[in-house]
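Let us walk through a protein structure together. Look at the sequence and the model first, then read on.

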Amino acid sequence: QVQLVESGGGLVQAGGSLRLSCAASGRTFSSYPMGWFRQAPGKEREFVAAISWSGGMSYSNDSVKGRFTISRDNAKNTVYLQMNSLRPEDTAVYYCAISFRFRTTTQTVSEGKYAYWGQGTRVTVSS
């Protein structure tokens, strides 16, 4: 069974930075695309970024382009989300997940065939 554990969340001031990590178990981690989603209180789950199995291609939501960067280290079975220039509207619980269909577009959970979700890490940005 695949297990994903997010970490790195916390409380930061607007304009600050955080680096989220998602550690995965299982030898097949490097064979699949990965993605980050976020969900604010009372809001729908929102796509943040996705990365191909090799890390050679990635795509980010327009709302975070130029501020967030997704990357992965398959040797460490870990995917990252570097978050810079944080804004209060970035406040949410951030989740990583394994995808079974990489897409270079903003995508829903179904469109990207995401599965094996982590439990999330909370990010709070104060103004």
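How many disulfides does the count come to? Here a disulfide is a pair of cysteine sulfur atoms within 2.5 Å. By this rule the count comes to 1 disulfide. One point before we look at it: this is a predicted model, in which local features need pLDDT of at least 70 and side-chain atom pairs count only at pLDDT 80 or more, while totals for chains, interfaces and linings use all residues. Residues are numbered from 1 along each chain as its sequence is written, and side-chain values use heavy atoms, with hydrogens and water left out.

Now the disulfide itself. C22 and C96 form it, with their sulfur atoms 1.8 Å apart. The link of C22 and C96 is right-handed, with 50° about the S-S bond. This pair links distant parts of the chain: C22 sits in strand β3 and C96 in strand β9, 74 residues apart. Strands (E, at least two residues) are DSSP runs, numbered from the N terminus. Are these cysteines buried or exposed? Buried means under 20% relative accessible area, exposed means over 50%, and partly exposed lies in between (1.4 Å probe, protein chains only). C22 has a relative accessible area of 0%, so it is buried. C96 also counts as buried, because its relative accessibility is 0%.

Next, the sheets. Strands of a sheet pair through backbone hydrogen bonds, either parallel or antiparallel. In this model, two strands pair if DSSP finds at least two bridges between them. Which strands form an open sheet? There are 4 of them, in the order β1-β3-β8-β7, and the pairing is antiparallel. β1 (4-7) and β7 (68-73) stand at the edges with a single partner strand each, so one side of each has no neighbour in the sheet. Neighbouring strands of this sheet are turned by 15° against each other on average, direction ignored. That angle is taken between axes, which are lines fitted to C-alpha atoms; angles run from 0 to 180 degrees between N-to-C directions. Zoom in on one pair. β1 and β3 (residues 18-24) run antiparallel and are joined by 4 bridges. Within that pair, L4 stands opposite A24 in β3.

Strand β11 (residues 121-126) is worth a look too. Its side chains alternate. T121, V123 and V125 point to one face and are buried. Strand β2 (residues 10-13) runs parallel to β11, and 4 bridges join the two. There, Q13 has S126 as its bridge partner. β9 runs antiparallel to β11, with 3 bridges between them. In this pairing V93 stands opposite R122.

G120 has a relative accessible area of 24%, so it is partly exposed. Contact means heavy atoms within 4.5 Å. Leaving aside neighbours within four places in sequence, G120 is in contact with E6, V93, Y94 and Y95.

Now go inside. In soluble globular proteins, nonpolar side chains tend to be buried together. A nonpolar core is a set of buried Ala, Val, Leu, Ile, Met, Phe, Trp, Tyr and Cys residues joined through side-chain atoms within 4.5 Å. The largest such core here has 24 residues. Those with the most contacts inside it are W36, V48, F68, V79, L81, M83 and Y94. Which elements give two or more residues to this core? They are β3, β4 (34-39), β5 (46-51), β7, β8, β9 and β11. Apart from this core lies another one, of 6 residues, among them F47, A50, Y59 and Y114. Follow M83 for a moment. Not counting residues up to four places away in sequence, M83 touches G16, S17, L18, L20, R67, F68, Y94 and V123.

N77 is found in the loop between β7 and β8. N77 has a positive phi of about 55°, although it is not a glycine. With 23% relative accessibility, N77 counts as partly exposed. S85 is found in the loop between β8 and β9 (92-99). Its phi is also positive, near 50°, and S85 is not a glycine. S85 has a relative accessible area of 41%, so it is partly exposed.
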